[in-house]
Amino acid sequence: MTMAAAPVIPHAVSRQRTERLARSSKPFLARGGPRGERCAGCRLLPSHCLCALRPTVPTRAGVCLLMGDVEALKPSNTGWLIADVVADTFAFGWARTSVHPDLLALLADPQWQPVVVFPGDDVAPERVLTDLACNAGPDAPQGAGGGKRPLFVLLDGTWPEARRMFRKSPYLDRLPVLTLQPGQRSRYRLRHALHDDHLCTSEVAALCLELAGETRAAQTLEAYLDVFTHHYLQAKNQLPVDENDALHQRLRDLSALA
């Protein structure tokens with residue numbers, strides 16, 4: 001694992017943000033967040049920039065984000081963190097009446113086994129998975145794996161948006177549905193969830209990576225979310241960041257692992 005330094009090549013969510021901004025008729029104003037100029041690499045105020053702490057973890061699994069209309073524009077979006085950590089992250093804007101041809105090509109790519117991550121309620125039982133048949137990450141036991149690489153399709157938006165995406169995307173109907181049993185409350189504090197067990201997108205991705213045997217990537221993504229949240233809230237409250245606290249040390253320790 002290495003610590004990346006800015007500037008870096010824009011990743012899939014960054015490109016999705018640029019594309020969405022190009023279609024905007026007026027500037028997007030984030031509600032409730034810190035005001036002022038933002039770093040292009042991490043979306044935080046330059047005084048609270050996170051770019052020097054960005055970790056990159058080799059993974060066999062990939063992540064495909066279907067993003068709500070303005071999700072990529074929100075500085076609090078955690079799909080961005082997934083794309084920072086997992087190199088094979090793909091991002092597409094969702095629309096009810098159209099689908100990007102590159103998304104269809106990705107879902108049909110024979111190297112990948114895509115699974116939609118969504119609650120199994122009202123889903124045909126034969127589609128529902130509660131575990132992965134193949135635990136094939138770099139942290140898996142010797143001899144595990146083989147075959148296709150897992151591609152986790154995450155519906156990145158508000159809960160109503162995610163339900164709409166799931167129900168009104170016919171190209172997802174043929175895919176298995178992975179239902180997670182998190183058994184934990186969300187630690188994400190930048191938006192209010194309707195229920196304590198509604199996890200943010202990067203928390204869901206960390207659980208998926210753990211299921212795929214990508215333990216180091218899962219732990220790193222969790223630590224990175226904690227540090228990002230701390231920087232965001234400190235900037236919002238006009239307070240400095242202590243980069244020697246336990247949150248930063250945990251991220252540094254995970255990043256130092258070879």
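The legends below accompany close-up views of a predicted model.

**View 1. The chain as a whole.** The chain of this predicted model has 258 residues, of which 48% are buried. Its secondary structure comes to seven helices and eight strands.

**View 2. The largest nonpolar core and leucine 154.** The largest nonpolar core holds 49 residues, and within this core Phe152 and Leu154 are the ones that touch the most other members. At least two residues of this core come from each of helix H1 (12–22), strand E3 (62–67), helix H2 (79–85), strand E5 (112–117), strand E7 (149–156), helix H5 (201–211), helix H6 (215–236) and helix H7 (246–256). The helix that gives the most to this core is H6, with ten residues. When neighbours within four places in sequence are left aside, leucine 154 is in contact with Val63, Cys64, Leu65, Leu66, Ile82 and Val117, and also with Thr201, Val204, Ala205 and Cys208. Another core, of 21 residues, lies apart from the largest one, and its members include Phe92, Trp94, Leu103 and Leu172.

**View 3. Helix H5 and its surroundings.** Helix H5 is mostly covered, since nine of its eleven residues are buried. The buried residues in H5 are Thr201, Ser202, Glu203, Val204, Ala205, Ala206, Leu207, Cys208 and Leu209. The elements against which the buried residues of H5 pack are E3, H2, E5, E7, strand E8 (177–178) and H6. After H5 comes glycine 213, whose phi is positive, near 85 degrees.

**View 4. Serine 202 within helix H5.** Serine 202 lies in helix H5, and with a relative accessibility of 2%, under the 20% limit, this serine counts as buried. Although serine 202 and isoleucine 82 are 120 residues apart along the chain, their C-alpha atoms are separated by 6.0 Å. Not counting residues up to four places away in sequence, serine 202 touches Thr78, Leu81 and Ile82, together with Leu221 and Leu225.

**View 5. The pairing of helices H5 and H6.** The axes of H5 and H6 come within 7 Å and cross at roughly 165 degrees. Because angles over 145 degrees count as roughly antiparallel, H5 and H6 are roughly antiparallel to each other. The crossing in which H5 passes H6 is left-handed. From H5, the residues Ser202, Glu203, Ala205, Ala206, Leu209 and Glu210 meet Thr215, Ala217, Ala218, Leu221, Glu222 and Leu225 in H6. Sorted by class, this contact of H5 with H6 has seven nonpolar, two polar and three charged residues.

**View 6. The pairing of helices H6 and H7.** The axes of H6 and H7 come within 9 Å and cross at roughly 145 degrees, and H6 passes H7 in a left-handed crossing. On the H6 side, Gln219, Thr220, Glu222, Ala223, Tyr224, Asp226, Val227, His230 and His231 meet Leu247, His248, Arg250, Leu251 and Leu254 of H7. By class, the contact of H6 with H7 has six nonpolar, five polar and three charged residues.

**View 7. Histidine 248 in helix H7.** Histidine 248 has its place in helix H7, where its relative accessibility of 2% means that this histidine counts as buried. Histidine 248 and valine 227 are 21 residues apart in sequence, yet the distance between them in space is 6.3 Å, C-alpha to C-alpha. Leaving out residues up to four places away in sequence, histidine 248 touches Leu53, Val227, His230, His231, Val241, Asp242 and Glu243.

**View 8. Two loop residues with positive phi.** Most residues other than glycine have a negative phi. Arginine 43, which is not a glycine, has a positive phi of about 70 degrees, and this arginine is found in the loop between H1 and strand E2 (55–56). Glutamine 238, also a residue other than glycine, has a positive phi near 55 degrees and is found in the loop between H6 and H7. Arginine 43 counts as buried at 3% relative accessibility, whereas glutamine 238 counts as exposed at 72% relative accessibility.

Terms used
Residues are numbered from 1 along each chain as its sequence is written. This is a predicted model: local features need pLDDT of at least 70, side-chain atom pairs count only at pLDDT 80 or more; totals for chains, interfaces and linings use all residues. Side-chain values use heavy atoms; hydrogens and water are left out. A nonpolar core is a set of buried Ala, Val, Leu, Ile, Met, Phe, Trp, Tyr and Cys residues joined through side-chain atoms within 4.5 Å. Buried means under 20% relative accessible area, exposed over 50%, partly exposed in between (1.4 Å probe, protein chains only). Helices (H or I, at least four residues) and strands (E, at least two) are DSSP runs, numbered from the N terminus. Contact means heavy atoms within 4.5 Å. Axes are lines fitted to C-alpha atoms, for helices over the stretch in contact, and angles run from 0 to 180 degrees between N-to-C directions. Angles under 35 degrees count as roughly parallel, over 145 as roughly antiparallel, 65 to 115 as roughly perpendicular and the rest as oblique. A crossing is left-handed if the near helix is turned anticlockwise from the far one by less than a right angle, and right-handed if clockwise. Ala, Val, Leu, Ile, Met, Phe, Trp, Tyr, Cys and Pro count as nonpolar, Asp, Glu, Lys and Arg as charged, and the others, Gly among them, as polar.
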